[in-house]
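Hi everyone, and thanks for coming. Please take a look at the model on the screen, and then I'll walk you through a few places in it.

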Amino acid sequence: MADDSIAVVDLDRCQPDRCNYECVKDCPPNRTGKECIVRREEAYADRSDREEGDYAGDPDQVWISEEICLGETCGICVDRCPFDAIQIVNLPQELDEAPIHRYGENSFALYGLPAPRDGQVTGILGPNGIGKTTAVRILADELQPNLGQIGDPPAWDAILDEHRGTALQPYLEAIDDEDVSVARKPQYVDKLPDRYGGRTRDLLERADERGVVDELARRVGIAPVLDQDLDTLSGGELQRVALIATLARDADFYFLDEITPYLDIGQRMTAARLVRELAESGDRSMLVVEHDLAILDLLADGIHLAYGQPGVFGVITPPKSTKQGINEYLAGYLESENVRVRDSEITFETHAPRTLTGGKPVVEYPALEKSYGEGEFGLSVEAGTIHEGEVLGVVGPNGIGKSTFAQLLAGRLAPDAGSLDASLDISYKPQYVEIDRQMRVETFLRTITDDVGSSYWTTEIAQPLQLDPIMDQQLPDLSGGERQRVAIAACLSDDADLYLLDEPSAHLDVEQRVRTTTAIRRYAENHDATALVIDHDIYMVDLLSDRLLVFDGEPAEHGHASQPQPMREGMNDFLANLDVTFRRDERVGRPRINKPGSQLDREQKQSGEYYYSE
């Protein structure tokens, strides 16, 4: 194989007991007598550098010789594998360096590392499965990089020599001197109750090395739940608890893996301010992986882009300015690297809500009231209409009744006043995805529709949601993002009058959010389907919605929903309640948050134009 190619065998997919080794039989080098693809036990049988049986995976799984393999131009083994376990990929021609780390032969390789800087917030933007966690493990001194050398890792002197003169050198020297302390916020905060249990206050006090928990709890709005058990908290509350537990540590290096899932716009901005304040308060390095581009834009001093092929290889670019990096990522072309990472550009200026004048009403709901009891949360909803073929965005703070409204429409809650059409067929994806049945993804989806595998279903649902690689996986084995995509596919696959999707962006990377947006809009347009989508990602709301339903009130006390409004009027009302203004990037038209108190922020507030100035 050429030096610019890589062969990867996914050992979670390779199932020799369910195939006839088609990859081995049809490999061209194998057919000429060479041992290009063999059983792993055979590959290591005569290896002097390995003990007997010292190899990853099942001995019956396959191993590929990267020296003999013909590379991506052949690809016969890739086509023959019934489980999509083999990938042969040509690396970008511009990539002329050795990997910083490779997990083994036929395994994932990472090229490059982000460079944390004292007193600054460094962002990483890129798809899931591209090596961001590997990079963080190296920076946290949990994984020694091997510079692509399988077997004995190189000495630290060789690693330092490789990065001498780069922005990474001082940080790697600190790792070598064992002079780095790390605080990490996990990605999936819903796992916190299982891992820790007990009261929220107990967890936070154990983490409080700086004596700041009470102040941070007040600022993020979780002081009222400090004496509650962790397993009683909502996703948004758990997210803020995890953030506080991390920022309360006294560390040199803070790694924050997604600070925005389940948080509303106001809470996201508060979280961003806290991160920036800590970075600026001393010699602390902050590294943030974030998929909400508006918050990343506001938060980061600079960003690294990550690209490649998930599960195969990842490349982390040198640092770029935040604005330039996000714009290049949306354009799909990295200028300095001369690499195209996407076939098409993600644009915002071309989107205009569809004209639905005269569209047939699908849902005509009366004024509704719902109370959870005396002294508990109550919701009032003005009468409204949702039209055929419309995507209605739903926005508002957390704890204001958006999910309650969705459950009223879905028939999962009964209103105290007003009645709903019980004959409506509703397909509902709840906020928290719980699909833990022990069955394959494909089997689960076939319980919902007979269209699985049809050309239309593949084109409109499976491909944009990237389901093909996970169709053979068991539901409990899926990651948070994979579960989200399966749940969205299940919702859209059902035959319904109204599709309700509560926070479909949670745990999805930027690419997946755009693909999900495309899938929902395309499905609505091609089938005159009607969708109601609750989300906090302004990019997704901006690209997706035709009209907005705005919720306001006092979170956890009372909420109110007005009638659906045109996008501009609705966003102005919503953002005015949050005291936040947005502008359009002059180059690509993407939404950007104005810095509070800036001249443009003051001008837009004075004119009442919170959602882009004309």
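Before we start, a word on elements: helices (H or I, at least four residues) and strands (E, at least two) are DSSP runs, numbered from the N terminus. This is a predicted model, where local features need pLDDT of at least 70, side-chain atom pairs count only at pLDDT 80 or more, and totals for chains, interfaces and linings use all residues. Residues are numbered from 1 along each chain as its sequence is written, and side-chain values use heavy atoms, with hydrogens and water left out.

Let's begin with the record. An unreviewed UniProt entry lists residues 86-335 and 363-578 under "domain: ABC transporter". UniProt positions are given in the numbering used here, feature names are shortened, and annotations may be inferred rather than shown by experiment. The span 363-578 is 34% helix and 22% strand, and its end C-alpha atoms lie 29 Å apart.

Now for the rings. How many aromatic pairs does the structure hold? There are five. Rings of Phe, Tyr and Trp (its six-membered ring) pair if their centres lie within 6.5 Å; planes under 30 degrees apart count as stacked, over 60 as edge-to-face and the rest as tilted. One of the pairs is Tyr171 with Phe253, which is edge-to-face, at 5.5 Å centre to centre with 70° between the planes. This pair joins distant parts of the chain, 82 residues apart: Tyr171 sits in helix 7 (residues 169-176) and Phe253 in strand 9 (residues 253-257). Tyr171 and Phe253 are both buried, where buried means under 20% relative accessible area, exposed over 50%, and partly exposed in between (1.4 Å probe, protein chains only).

Tyr372 and Phe377 make a tilted pair, 6.4 Å centre to centre and 40° between the planes. Is Phe377 buried or exposed? Phe377 counts as buried because its relative accessibility is 11%, while Tyr372, at 42%, counts as partly exposed. Tyr372 also has a charge above its ring: the charged end of Lys370 sits 5.8 Å from the ring centre. For that label, NZ of Lys or CZ of Arg must be within 6 Å of the ring centre and within 35 degrees of the ring normal. Arg342 likewise lies over the face of Tyr329, 5.2 Å from the ring centre. Elsewhere, ring pairs link Tyr365, Phe405 and Phe551 into a cluster.

Next, please find helix 17 (residues 455-462), where Trp457, Glu460, Ile461 and Ala462 are buried. Seen down the helix axis, these buried residues fall within an arc of 155°, so they line one face of helix 17; the arc is that of the directions from the helix axis to the C-beta atoms. They pack against helix 16 (441-446), helix 18 (480-493) and helix 19 (510-527), with contact meaning heavy atoms within 4.5 Å.

Over in strand 21 (residues 426-429) we find Ser427, which counts as buried because its relative accessibility is 3%. Among the residues that Ser427 touches are Ala490, Cys491 and Tyr499. A polar atom of the Ser427 side chain lies 2.6 Å from the backbone oxygen of Cys491.

One last stop. Asp528 has a positive phi of about 50° although it is not a glycine. Asp528 lies in the loop between helix 19 and strand 23 (530-534) and, at 47% relative accessibility, is partly exposed.

Conventions
Polar contact = N/O pair within 3.5 Å; in protein donor to acceptor, adjacent residues only side chain to side chain. Lists of a residue's contacts leave out its neighbours within four places in sequence.
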